[in-house]
Amino acid sequence: MSKCIGKPEITSVPELTYAETVNNNSVVINWTYDANQESAIEGYKIYRFKSSSGTKQLLSGNISADSRSFTDTKPLNDNYYFISAYNSASEVINPFPSYAMLVDSVPPAAPAPPEGFCDSLGRVTVYWHRSTDPDVIGYRLFRANLPDVEFVMACPYMIQDTTYTDTITLNTSTEYIYYRLKAVDGRDNQSQMSPPAAVARYDTIPPSPPRISNVEIARKKNIVSWHKSVSGDVKNVVLFRKTNLNSTFDTLAILQPRDTEYSDNNIEEGETYYYALKAMDNGGLWSSLSNIVAADIPAKPEKIVLTTTVTTNGVKLKWNTEQLRKKVVSTVVFRAADTNDISTYAIVHGNEYTDTNVSVGKTYKYCIRHQFDDGTESSLSDEGKNSF
């Protein structure tokens, strides 16, 4: 009888010697390991963290035991590398990381112009779209009374959100206040300023809300249609969406006042979507929320599996309903004999049915369809074919 020999205990951890940046687009990680312990391990694993205490990402889990270097071909701007040795019984990780940084001297792209509105107390809510550059960590907001003069900082600190509430004087002859943005990345590189955005100082009459007229459920999209606001000073229409009637709306799209339709292409089967609209006028005032319209996206049809078996009593049909998402209240059995067209044959309450009305020498085809407790029904199952 052979003995089961366990794996040796790993008593030594690998030591990272350095992580070297190469051509500012890759990092070579090097380490040492006790040669006397090499036979006790199966290999090494390299982990990467965005910070020294962040969430780790496994870069490679099958580095051979005789290796002493690894190249990260897609490093981040900041990289903390950890190494472990392992065998089938255990893994030991060195808690001391090696750090490597890519040089980033390229500023982000200039943001799009912000937007905003001013209330009668001189409070201006400025908002903008988040930068598409992945390393942007915040924004600097500037303002001026005229678009062609020097802009000064509206906020003394970097803004990490995509909205800011400013306070301005209303005791002035200038009709608009102008705002510009800069994007700032993790290396404090600042973009060029955005084009200026004009915000009217205030308007006392909010626009009337649009009204949703229809939501058409089309193939892989919802088409939302609406009647425009009757107000003549509408600047933008904002379409909102949520999937829970009791939750808050998320902004789906910012649209032009002439728009009356939008295709929502980011939908999932079996989900319910709620839509609403608001209009914003040139003075920055918002309408009330429009009517809320729901769209129920049908779930993907259930896959119905039918098996048929010839027995001494006839043809036995069986199916399984346990994995279905809905409760089955009845099952319709369809049958065709020889070359006849398939048609409704029986309604069954249960998971099986035996067709005893069969004749020797004939071929029978069967399929089934489930009827669910919510009034819907499944698609037809695949055909079962038997000769008796």
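**Exercise 1.** In this predicted model, determine over which ring the charged end of Lys-242 sits, and then describe the aromatic pair to which that ring belongs.

*Solution.* Begin with the lysine: the charged end of Lys-242 lies over the ring of Phe-249, at 4.3 Å from its centre. Next, turn to the aromatic pairs, of which a search of the whole structure finds ten. One of them joins Phe-249 to Phe-240, with 6.3 Å from centre to centre and 55° between the planes. Because planes under 30 degrees apart count as stacked and those over 60 as edge-to-face, this pair is classed as tilted. Finally, Phe-240 has a relative accessibility of 13% and therefore counts as buried.

**Exercise 2.** Decide whether Leu-289 and Thr-162 are buried, partly exposed or exposed, and place each in its loop.

*Solution.* Start with Leu-289, which is found in the loop between strand E21 (272-281) and strand E22 (293-296). Its relative accessible area is 35%, so Leu-289 is partly exposed. Together with Leu-245 and Ile-292, Leu-289 makes a nonpolar surface patch of about 240 Å².

Thr-162 is found in the loop between strand E12 (152-153) and strand E13 (163-167). Since buried means under 20% relative accessible area, Thr-162 is buried at 17%. Leaving aside neighbours within four places in sequence, Thr-162 is in contact with Val-126, Tyr-127, Trp-128, Arg-130 and Tyr-139.

Definitions and conventions:
Residues numbered from 1 in each chain as written. Predicted model: local features only at pLDDT ≥ 70, side-chain atom pairs only at ≥ 80, totals over all residues. Heavy atoms only, no water. Phe/Tyr/Trp six-rings, centres within 6.5 Å; stacked < 30°, edge-to-face > 60°. Buried < 20%, exposed > 50% of the residue type's maximum accessible area, 1.4 Å probe, protein only. Lys NZ or Arg CZ within 6 Å of the ring centre and 35° of its normal. Patch = residues over 30% accessible without salt bridge, like charges linked within 9 Å, V, L, I, M, F, W, Y side chains within 5 Å. Areas by Shrake-Rupley, 256 points an atom, 1.4 Å probe, with all protein chains shown as cover. Salt bridge = Lys/Arg side-chain N within 4 Å of Asp/Glu carboxyl O. Helix = DSSP H or I, 4+ residues; strand = E, 2+ residues; numbered from the N terminus. Contact = heavy atoms within 4.5 Å.
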